[in-house]
Amino acid sequence: MYGDVDLNIIDGSAIWAQSMTQGLAAAGCEATLLLKAPVTTDRLVAPLSGVAGVTVRRTHEEGLAPEAGQRGLTPEQAVELMTRLDSEDRFDLVVVRGRRLAIAASQSEQLAGRLWTYLTDVPQTVAEMNATAVSEISDIAVASRFLLCQTEELRGFLESAVPAACGKSVLFPPVVVTPDDAVSDGAPHEPLKLVYTGKFAPRWNTLEMAQLPAALAERGVPAELHMIGDKVHRDSAEWARDMSRALEGTEGLVWHGGKPRADALRLSAQCDVGLSWRDPGMDASLELSTKVLELGALGLPVVVNRTPMHERLLGADYPLYAGETTDSVADTLTLAADPDIYREAAERCRAAAADFTLERAAERLSGYLELACPSAPSGTDPERPLKVVIAGHDLKFFTRLAEYLTSLPGLDVRIDEWESLRNHDQYRSRELAAWADVVICEWCGPNALFYAEHKRTDQRLVVRLHRFELYAEWPRKLDIDKIDAVVCVSPYYAALTRELAGWPADKVVVLPNWVDVDQLDRPKLPGAEFTLGMVGIAPSRKRLDRGVEVLGELRRRDPRFTLAVKTKQPWDYWWVWNRPEEREYYERTYRTVQRDPLLAEGVVFDPFGPDVATWLRRVGFMLSTSDDESFHLAPAECAASGGIPAVLTWPGADTIYSGRWLHDSPKEMAEAIHAVVSEGRFDAARSAAKAEITENYALRRVCEMWTDLIVHGKVPASRDAAGAVTA
């Protein structure tokens, strides 16, 4: 683990390096922390010396990088050193922090795929996220196994701006570790002791804080301000001079200088109120202050800016929100002198900090480690891995499964990606056909015909068939005797495949589509229960008109309902827009929306893209109004996100979704949605939907089913949405 931070200076980034190392060790890792700079004070390093499983490499003292200066390693030097250490003793994961460092690390082929990149110093507004930033973060995302994001807000922003971040961005909030003997006594005292810890900088309002004891005295509240830290920003010489004078000569201000973290927390616990009041320009930050959480864990109430993030953390009615001026903050602090208000604020902060403990961090990391470093499947030998080929022209529906299979010890996975449906490198395909123990053909097309022709008798061949091929020529040309299993994603399409192709029943098996419930599990935005969603509206058999009909029925009862449509437009697909009947359908449907005032203000089109998990945060109900579908993943993804499926009874829908989510007409669908919301059943219904989808279609479960099929040839029993075994 390496952060482009100096651990001699106590600030949020240095504390992150310490707590991240502790979290990895608590999750069962052997963690090596590589230091950037010579150790001049071991206030942050010393506590790690007694942690089991932690090794601290002192770059300068050990002479690991003679070329490094006294200010520490450059990002390029750090990456060179990490790759050298990795060559000596290969690491399973490489955790890095710092944008410049991550950019350099992403260029290393040796580290690619094992990087866990912690992102903070990245653009956090649309204006800042220019083409250069998108390109750099895209490179980082491609090279990383995970992008660790401090907050849900940061994760959502990155996924919306950088498509490559989707599916790789995971939450890793600040970690709060406090000494057992650092606990507030839970009541305000006289004088009221205020405490600030961290760096002294203009945007952190530290110079303005120095005026608070005098301002409180004017209000009849005796107060002291205790400030802990020794890093004074010197971007402005005049400001730095004023800050230093304030620290050394302000009446009622006690400056403790820099302290080891544990000692700083013990000093803080002896005070009454924490300060995390910042310049309003920082209110849009997508990062969460570790100091707020640490002080809350000690039992102190904290004065903070009113921001959406703080309101979500502490509640909109938290009593100690700060204004923009020193006087307004002093007014807020007079409230903290009231014992009842003090206790309420302290309890809010303590409860907020409870989810950021070292134990919770270790749980999160353990889950990510399980995904990144799975154990070998039973029946395989990592020394003699099973050789697997995945072949197809379009692997977008198989990507996550391929990533999982590739990560498994005991499997050697290679990809034969065809240029198009029929075009491929025949020499490479023949070579892979001769090499493989197991071949998986994604799509039952020319790829399946090729690998069936070249199949060995000791080889297994699995073909996944989609709706697209069912009515095409290729299944009729396929020698089914050469195929070990044809995979369909639903019982209905498996039965239809057996009927149309005439294949033996035991050859056609059901392995459902997967739903990444972990990625989709995100808090809903306020008002989500009034937002309907649709994903993809082309071709016309997706029946946007029915979705609009549902919306119209609902808005006649409650105008708060809206329809969000995440899609490409029909004219973006030449094969749709060139058909007169398709064009006429969309022109008619769009005219209906535009000319009806009830609908015109209720439909929003959002751009097509992979940031579905972020988009779903505002969607309460996902509509599936199609004429037919092979599976239709969007309602299942909505359920995994904490929403509710709303599905018309297209053929086979009842084998994928249970009856409570199915409706016979748009009008009945609208009535059911309105009843769920108006009767206060939204939370109960969405909990039931999430449980159903997690049990049946969770990515981990589907990956295990595929692994059993590939390694052991084990075919799962086909079950419908109600759990009944089907033929």
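Colleague: Which strand order does the open sheet of 5 strands have?

Modeller: In this predicted model, the open sheet has the order E1-E4-E5-E6-E7, and its pairing is parallel. At the edges stand strand E1 (2-3) and strand E7 (169-171), each of which pairs on one side only.

Colleague: How should I read the pairing of strand E4 and strand E5?

Modeller: In general, strands of a sheet pair through backbone hydrogen bonds, and the pairing is either parallel or antiparallel. Here strand E4 (residues 94-97) runs parallel to strand E5 (residues 115-119), with 4 bridges between them. To find the place in the structure, look for Arg97, which stands opposite Tyr118 in E5.

Colleague: Which helix lies across E1, E4, E5 and strand E6 (144-149)?

Modeller: That is helix H1 (residues 12-26), and it runs at about 165° to E4. Another helix, H14 (residues 358-372), lies across E5, E6 and E7. The angle of H14 to E6 is about 160°.

Colleague: Next, helix against helix. At what angle do the axes of H27 and H29 cross?

Modeller: Two packed helices are described by the angle between their axes and the distance between the axes. For helix H27 (residues 633-640) and helix H29 (residues 682-697), the axes cross at roughly 115° and come within 7 Å. This crossing is left-handed.

Colleague: Which residues make the contact?

Modeller: H27 contributes Ala636, Ala639 and Ala640, while H29 contributes Ala689, Lys690 and Ile693. By class, the contact of H27 with H29 has 5 nonpolar residues, 1 charged and no polar.

Terms used:
Residues numbered from 1 in each chain as written. Predicted model: local features only at pLDDT ≥ 70, side-chain atom pairs only at ≥ 80, totals over all residues. Heavy atoms only, no water. Pairing = 2+ DSSP bridges. Helix = DSSP H or I, 4+ residues; strand = E, 2+ residues; numbered from the N terminus. Contact = heavy atoms within 4.5 Å. Axes fitted to C-alpha atoms, helices over the stretch in contact; angles between N-to-C directions. Left-handed = near helix turned anticlockwise from the far one by under 90°. Nonpolar A, V, L, I, M, F, W, Y, C, P; charged D, E, K, R; others polar.
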